[in-house]
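Dear colleague,

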Amino acid sequence: MTSIATERVPFPAPRSSPDRGHAVLARLTARTDVAPHIETLPARAGETVDWPAWVPPPLREALAVPAPWRHQAEAAALAHAGTHTVIATGTASGKSLAYHLPVLTALLTDRRATALYVAPTKALGADQLHLLTSLDLPGFRAAGYDGDTPRAEREWVRRHARLVLTNPNMLHRGILPAHGAWATFLRHLRYVVLDECHAYRGVFGSHVAHVVRRLRRRARTVPTFILASATTGDPARAAARLIGAPVTAVTRDASPRGRTTFALCEPPLLPGAAPPETPRPPGSVLPRPSGSAPLGSSGSALPRPPGLAQPGGSGAVPLPAGDDGRGDLRPVRRSAVAETADLLADAVVAGVRTLAFVRSRRGAEVVASMARRSADEAVPGLGAQIAAYRSGYLPEDRRRLERQLREGTLTGLASTNALELGIDVSGLDAVLICGYPGTRASVWQQAGRAGRRGADATAVLVARDDPLDSYLVHHPQALFGAPVEATVLDPDNPYVLGPQLCCAAAESPLTPADLELFGGAPARAAADGLVASGALRRRPHGLYWTHTGRPDVDLRGPGGPAVSVVERDTGRLLGSVDAAAAHHQVHPGAVHLHQGETYVVDSLDLDDGVALVTAEEPAWTTHARDTTALSVVGVRRYRDAGSVGLFLGDVEVTHQVVSYQRRRLGSGEVMDTRPLDLPPRQLRTVAVWYTVSAGALAAAGVDPADVPGALHAAEHAAIGLLPLVATCDRWDIGGLSTAAHPDTAAPTVFVYDGHPGGAGFAERAYEAAATWLDATRTAVAQCGCATGCPSCVQSPKCGNGNQPLAKRAAVAVLDVVLAALCGPSPEARPGA
């Protein structure tokens, strides 16, 4: 696995440094009460090689590159020879040239050859199309084919384009179902480029893997696949699972890199907040309650898997009681959103071209709006150089922002991860990362947006009130020098495999050879189940789709069509919201932000997929609240650890948005809570959970009255720390805790995948339970707050208002669990 090499150096004096990005660090150190942790990634010289002899001279001239880097030439040569290849090198290392060389060579030397470029985002595809058209090469036509392509142009693309740039969803819904119209293009398909393939992980990646197999099935001969990835663990294996064939990896990065100064910081304390205690050193433990029994001692007997009470029955249990209807969060520190907005404004005032990554659409809008106001206060009119970027904008708005960013007319941009992947943004001085994005790979992708073309750069990670963010700030070794995560996907997931087989059968009958292509034994088993259910019919020539319409399969999970956001008074379409997020983001009464303008949602019609909004400027924000219930369906694996049981199994989760809070702008004070009448949503998925005997908790000094709060706090912290061991984001997973779950008959903490059928996260948590829960215990124990805060056990996504929570009792619970799994000695634990 690959790690990022760094060197620790004293914090440089910003005023004496020629690096403009240090203006951001100067303001950062001036405003925070705790000095940021600084790492410096040293500069690196590049290594070039001669041009491959097979590259046509006109292509060399058009590219205007003196010589390729060694890794570019190596990957291009492999692909030119017909070897499936993945190039997994750092951001701005020139991966695009590695696949353009063999692809464009084939198109220029063979007038019939075609190629397909697939990117995970429309922005990346548009960026590559801009690059290709700027080369002005004769002999072939490149064209985009995605949801933004006007219908009048689509027929022209099918007939005349030889290099088509698209995305997985359009390949799945638009190209493969109409493969007859694409017959000529597919018959001569030589190359398929899968750019930024590390984005294809979890359930989404598993779906894309089968879309690729469907593409292979339609091509007359197997095209050569070229995959480009950010630095990731075991790229050859992940790429092979994605395309269903062996892949050769090129991972040694020979491109030059400027020096990057990387800061980790926490926002300052709020006025009147007590400063946190000095964090305990790693491996230290809290004093145990007096009179507690030795860890691991037996208490009341735990039920074993055969004794699970009525699996799949009515065991839907709400989160612990105690919610007062307000769910106030009393943060100790200033919000990361406000801190990032101020840093962005300061950077723009100083003329530092800066990109701020924010985790949510709403957050990106808020950061941009706050930064604009601050910049205008400093220099009237300067706020016009700051904008927001996110999915859900109209196509013309996205293209305009992308163009302004390339041209440099925008000095500051607040974006979701929509701009994380591959877009060539030259000349950026600094990157701000508002909250840990969930994986180390994403951190380096986002930080790599600055300093392209070998220039020096500055990156700042602003920690949120989140246990994982706080852990990384106080344990920077978990980020710097740590291995980058492997991409996790599971094409054999039956919740993915079955629907994709239906899509393939709707395109043409499935043969035995096709089932081998789709996975062999798992595909045959899934096909048998589809025949039994009536979805497929077995005939001498194959398996036929039995329905008249096409299967409705969403690559990113169920949820239905996006909800359109429409201004009531004018009928103007503002944008859209994913159906899965509509209950939270555009419920009646919600405050909706769009390009700096504020709207209030009047109504949400889920049947028609429309949210009507009115332009207003309320003095509050809104925060939706939901409830969660869970029942155990079955157990896959189980570990008996005496007083503790560790389980992996199938569960059914029920979510319902039941109310929303109005919080006063500025102070965050909860004004009131208003009820909502929205339908529940069911999810069948995979969970990891542990049970603890009541006797073991009592022996550890956990008062029975504190058990619900202790489990609830341990659940929140565990969700926040799971991305340390699994390639996931805390918003990809959920949890539930209860002092007496009817399906386990014991105090239980569940953490589950937020995708139908699971996404591999719970399995990874089960396998790495000791490491995961030890990091969880350390983060809670070392937090300086007295009774729990957003940096340890409070969760911004809690549907129960963060009540009840019992921080110190949570540490005791985790001590019991870790002692049973790893032994009672802290020195024996992972990372001690």
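Helix α13 takes in residues 395–407, and at 1.5 Å a residue its 13 residues should span 18 Å, which agrees with the 18 Å between its end C-alpha atoms. After α13 comes Gly-408, which has a positive phi, near 85°.

Before going further, please keep in mind that this is a predicted model. The pLDDT averages 83 over the chain, and 84% of the residues score at least 70. Over residues 1–18, however, the pLDDT is below 50, although the model gives this stretch 40 contacts beyond near neighbours in sequence. The pLDDT also stays under 50 over residues 276–329, for which there are 126 contacts in the model beyond four places in sequence.

As for the chain as a whole, it has 24 helices and 27 strands, and 56% of its 832 residues count as buried. Among the contacts in the chain with a separation of 6 or more, 76% are between residues 24 or more positions apart.

Turning to the sheets, one of them is an open sheet of seven strands in the order β4-β5-β3-β6-β7-β2-β8, with parallel pairing. Its edge strands are β4 (142–144) and β8 (248–250), each of which pairs on one side only. On average, and with direction ignored, neighbouring strands of this sheet are turned by 15° against each other. Helix α9 (residues 202–218) lies across β3, β6 (189–194) and β7, and runs at about 175° to β6. Within the sheet, strand β2 (residues 85–88) and strand β7 (residues 224–229) pair in the parallel sense over four bridges, and Thr-85 has Ile-226 in β7 as its bridge partner.

Ala-75 itself sits in helix α3 (residues 70–80), and its relative accessibility is 2%, below the 20% cut-off, so the residue counts as buried. Between the C-alpha atoms of Ala-75 and Leu-97, which are 22 residues apart along the chain, the separation is 9.7 Å.

A further open sheet has five strands in the order β18-β17-β21-β20-β19, and here the pairing is mixed. The edge strands are β18 (573–577) and β19 (591–594), each pairing on one side only, and neighbouring strands are turned by 35° against each other on average, direction ignored. Strand β20 (residues 597–605) and strand β21 (residues 610–615) pair in the antiparallel sense over six bridges, with Asp-605 standing opposite Val-610 in β21.

Helix α12 lies across β18 and β19 and runs at about 65° to β19. The 18 residues of α12 (residues 361–378) should span 26 Å at 1.5 Å a residue, and this agrees with the 26 Å between its end C-alpha atoms. The buried residues of α12 include Arg-361, Glu-365 and Arg-372, along with Gly-363, Ala-364 and Val-367.

Lastly, helix α24 (residues 807–822) is mostly covered, with 14 of its 16 residues buried. Its end C-alpha atoms are 22 Å apart, in agreement with the 22 Å that its 16 residues should span at 1.5 Å a residue. Gly-823 follows α24 and has a positive phi, near 105°.

With best wishes

Definitions and conventions
Residues are numbered from 1 along each chain as its sequence is written. This is a predicted model: local features need pLDDT of at least 70, side-chain atom pairs count only at pLDDT 80 or more; totals for chains, interfaces and linings use all residues. Side-chain values use heavy atoms; hydrogens and water are left out. Helices (H or I, at least four residues) and strands (E, at least two) are DSSP runs, numbered from the N terminus. The expected span of a helix is 1.5 Å times one less than its number of residues. Buried means under 20% relative accessible area, exposed over 50%, partly exposed in between (1.4 Å probe, protein chains only). pLDDT is the predictor's confidence in each residue, from 0 to 100. Contact means heavy atoms within 4.5 Å. Two strands pair if DSSP finds at least two bridges between them. Axes are lines fitted to C-alpha atoms, for helices over the stretch in contact, and angles run from 0 to 180 degrees between N-to-C directions.
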